[in-house]
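Let's take a friendly look at how charged side chains pair up in a protein model. Have the sequence and the 3D view ready as you read.

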Amino acid sequence: MTRQRTLTGYRPTGKLHLGHWFGNLQNMLALQEEYDAFYFVADWHAMTSMWADTTEIRRFTEEQVLDWIAAGLDPAKCTIYRQSDVPEVAELAMYFTMVTPMSWLERVPSYKEQREQITDRDLGNVGFFLYPLLQAADITIVRADLVPVGEDQLPHLELTREIVRRFNTAFPSADGKGYLVEPKGLTPKEGARVPGTDGRKMSKSYGNAIFLDDSPEEITAKVMSMITDPARKLKSDPGDPSICPLHAIHKLVSSDTADIAGWDACCRSAECGCVAHKRKLIEDLIAYLAPFQERRAALAMRPGYAWEVLSEGAARARPVIRGVVDTVRALVKIDE
Ligand code: SF4
């Protein structure tokens with residue numbers, strides 16, 4: 001029986017953090033067991049914001065692959081490849097530029113939001129504007145059925161679906177069903193939204209991330225500086241754990257439900273203070289990340305391994321991708 005196909009990609013812009021871990025990485029791990037899974041390192045996407053200095057992209061690409069494998073992705077079960085190793089995706093994106101109205105890209109919420117929030121880099125380039133369109137090509141070029149995404153990526157996925165519908169209408173297949181596949185999104189489980197140390201969504205760009213390879217000292221410094229319930233000024237004030245970013249992270253990290261319930265209750269009754277809760281989170285977080293960090297350290301001792309994985313992955317992805325682009329070329333009648 002042919003397995004359904006799934007795809008997702010990460011921009012190699014640095015280390016993975018807890019937002020990635022509890023976001024769609026858990027979905028990626030589960031999907032590699034049941035789906036024909038394609039996971040790619042989006043180095044061209046990284047260039048849209050790192051074009052002024054691309055020197056780090058290769059190193060970040062390598063680290064991305066090792067982080068994924070340390071997290072549990074298995075190159076024998078899923079296809080791990082690099083976006084720029086399959087340049088056919090640029091060709092498909094080119095066809096999409098023809099059928100996509102500019103207004104569709106202008107209304108993508110993350111475009112406006114990131115241009116406003118990220119001020120230390122020039123995002124005024126066409127590549128950044130076309131980012132969601134290239135993403136649509138990444139997804140459709142393997143005819144993915146399911147795409148694990150964060151909540152904030154859902155508008156991008158909806159845009160992909162709209163582009164696919166538009167393409168399929170403009171260039172219908174012989175059976176009239178439309179050749180390209182409209183992908184469905186798979187968002188992280190409820191409660192998996194990870195706040196950063198300042199309470200905003202965890203993001204490297206915001207400088208509020210706890211990274212998977214943070215040392216005990218770094219974890220301690222970050223957690224001790226974390227925002228808690230902002231209305232709780234004194235230990236004698238009852239707190240509200242439901243709005244506390246620290247509690248949200250603790251619930252994700254700890255499997256000890258009795259302990260979590262205990263912190264919830266003693267916060268509400270003002271019987272415990274935030275410093276004590278921070279100390280417990282530090283202890284639990286260090287223990288939680290230790291197995292990942294041990295696997296990651298072992299992989300770091302294998303120079304060239306990440307590039308072997310990417311090379312084998314590209315060799316597996318290429319025939320699939322070439323086949324889709326050849327069919328698209330026939331549909332748009334570029335060779336007739
Ligand atoms: S006691 Fe814990 S849950 Fe309550 S506000 Fe402080 S850190 Fe948050």
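Here is a short briefing on salt bridges and on one arginine.

This is a predicted model, in which local features need pLDDT of at least 70 and side-chain atom pairs count only at pLDDT 80 or more, while totals for chains, interfaces and linings use all residues. Residues are numbered from 1 along each chain as its sequence is written, and side-chain values use heavy atoms, with hydrogens and water left out.

**Salt bridges overall**

- Side chains of opposite charge can pair when their charged atoms come close.
- The structure holds 23 salt bridges, each being a side-chain nitrogen of Lys or Arg within 4 Å of a carboxyl oxygen of Asp or Glu.
- One network of salt bridges links Glu158, Arg161, Arg165 and Glu182.

**Glutamate 33 and lysine 77**

- These two residues form a salt bridge, and their closest N and O atoms are 3.1 Å apart.
- Glutamate 33 sits in helix 1 (residues 18–34) and lysine 77 in the loop between helix 3 (57–71) and strand 3 (78–82), so the pair ties together parts that are 44 residues apart in sequence.
- Helices (H or I, at least four residues) and strands (E, at least two) are DSSP runs, numbered from the N terminus.
- Glutamate 33 is partly exposed, at 45% relative accessible area, and lysine 77 is partly exposed too, at 37%.
- Buried means under 20% relative accessible area, exposed means over 50%, and partly exposed is in between (1.4 Å probe, protein chains only).

**Aspartate 240 and arginine 268**

- A salt bridge joins the side chains of aspartate 240 and arginine 268, at 3.7 Å from N to O.
- Aspartate 240 belongs to the loop between helix 10 (216–224) and helix 11 (245–253), and arginine 268 to helix 12 (residues 257–268), so this pair ties together parts that are 28 residues apart in sequence.
- Aspartate 240 is partly exposed, with a relative accessible area of 26%, and arginine 268 is partly exposed at 42%.

**Arginine 232**

- Is arginine 232 buried or exposed? With a relative accessible area of 9%, arginine 232 is buried.
- Arginine 232 is found in the loop between helix 10 and helix 11.
- Not counting residues up to four places away in sequence, arginine 232 touches several residues, including Asp237, Cys267 and Gly273; a contact means heavy atoms within 4.5 Å.
- The side chain of arginine 232 reaches the backbone oxygen of lysine 235 at 2.9 Å, and one of its polar atoms lies 2.7 Å from the backbone oxygen of cysteine 272.

Technical notes:
A polar contact is a pair of N or O atoms within 3.5 Å; within protein, one must be able to donate a hydrogen and the other to accept it, and residues adjacent in sequence count only if both atoms are side-chain atoms.
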